[in-house]
Amino acid sequence: MGLFNNRNRDARRADRKDRRANRRSDRAERRDQRRENRQDRREERQERREERVIARQDRREERREDRQERREARQEAKVTRDERALVIYSEFNEDNDPKMMKKLYSFVERQGLSMGITLLQGSYDRVIPVTGPSATCARFVDAIEEALFDDGIEEVDVILHSHGGYDESTGEGKIYFAPDPEGATSEERSGAVPAPMVGDMIEDLMAEDRLRMFYTTACWGDHIAEAMVNSGFSCGAGAVDVNTNSALEYPIFLTLWKTGLPFGTCIRQALKRSAYRKTDAAARLIKGDFWRSADSYKALHGDVTINKRSNADF
């Protein structure tokens, strides 16, 4: 009898051992399966990321090739004064600035608008100003659409005189418009709109190669100008970081552009004559982290050989 009980006990122990082994095996299989599933999801996400990167690169390459073809095929067709329109946006939205800076920016935005109109109105059939509390993102895009609405206008140029920003998490520039309580997005309502979002709105206007020059005095304007060229402008330029020389560079650029020099030459000459290295060095002496990265050097995008008489369709 004792031998029988011992055998039963051994059998039960062996059975429990087998069940534990089976459970361990099942858990191990489930763990392995979960790992495989996670790895599969990671690989799928990586593939999607790579596909998006490749798609973006393809689109950029197509745009570069298209611009190159237009440069190579450009004809001698000249755009006359009656065929040009200019949009000047000048608004600094001083609500959150200190009292002294409010007065300064208020003066700067008035000067930016009046100087642009005074120097360039003789070179354009229409100069459309956008300024004041109504200078929202929607109003800016509407002004460009207003210029395009005239079928007699062959080329539309834009000057953006405003605050700019940079989002390190996305690598995108921002444009600070006047807040729009009725804006379609939270960004428009706050006024801080990512440059690619503005570019998408402009691209939706279907300008058909009638957007030509984009120039901005905004900080981090490089990223803004890049987004504008991607949206359809033929050329653009802006500061690579905090911009300190606009008070000197802006009137020089306007004067040079008025004479008919190529866009790239206007930017380089205005940058050189404005002594941007000295203004940057002086700005870096100001207390606060904001000014430490001051760099007013202007990055160029697109076809910089364009001048005020160029037909950018070719």
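This is a predicted model: local features need pLDDT of at least 70, side-chain atom pairs count only at pLDDT 80 or more; totals for chains, interfaces and linings use all residues.

**Helix packing**

I started with a helix pair: C137, F140, V141 and I144 in α3 meet V198, M201 and I202 in α5, contact being heavy atoms within 4.5 Å.

Residues are numbered from 1 along each chain as its sequence is written, and side-chain values use heavy atoms, with hydrogens and water left out.

The axes of α3 (residues 137–149) and α5 (residues 195–203) come within 10 Å and cross at roughly 35°. Axes are lines fitted to C-alpha atoms, for helices over the stretch in contact, with angles from 0 to 180 degrees between N-to-C directions. Helices (H or I, at least four residues) and strands (E, at least two) are DSSP runs, numbered from the N terminus. The α3 and α5 crossing is right-handed, i.e. the near helix is turned clockwise from the far one by less than a right angle.

**Salt bridges**

How many salt bridges are there by this rule? I count seven, taking a side-chain nitrogen of Lys or Arg within 4 Å of a carboxyl oxygen of Asp or Glu.

R35 and D32 pair at 3.0 Å, N to O; both lie in helix α1 (residues 2–73), three residues apart, about one turn of the helix. E61 and R64 pair at 2.9 Å, N to O, and they too lie in α1, three residues apart.

R126 and E146 form a salt bridge at 2.6 Å, N to O. That pair links distant parts of the chain, with R126 in strand β2 (residues 126–131) and E146 in helix α3, 20 residues apart. Salt bridges that share partners join R126, R139 and E146 into one network.

**Cysteines**

I searched the whole structure and found zero disulfides, meaning pairs of cysteine sulfur atoms within 2.5 Å.

C235 is buried at 0% relative accessible area, and C219 is buried at 14%. Buried means under 20%, exposed over 50%, partly exposed in between (1.4 Å probe, protein chains only).
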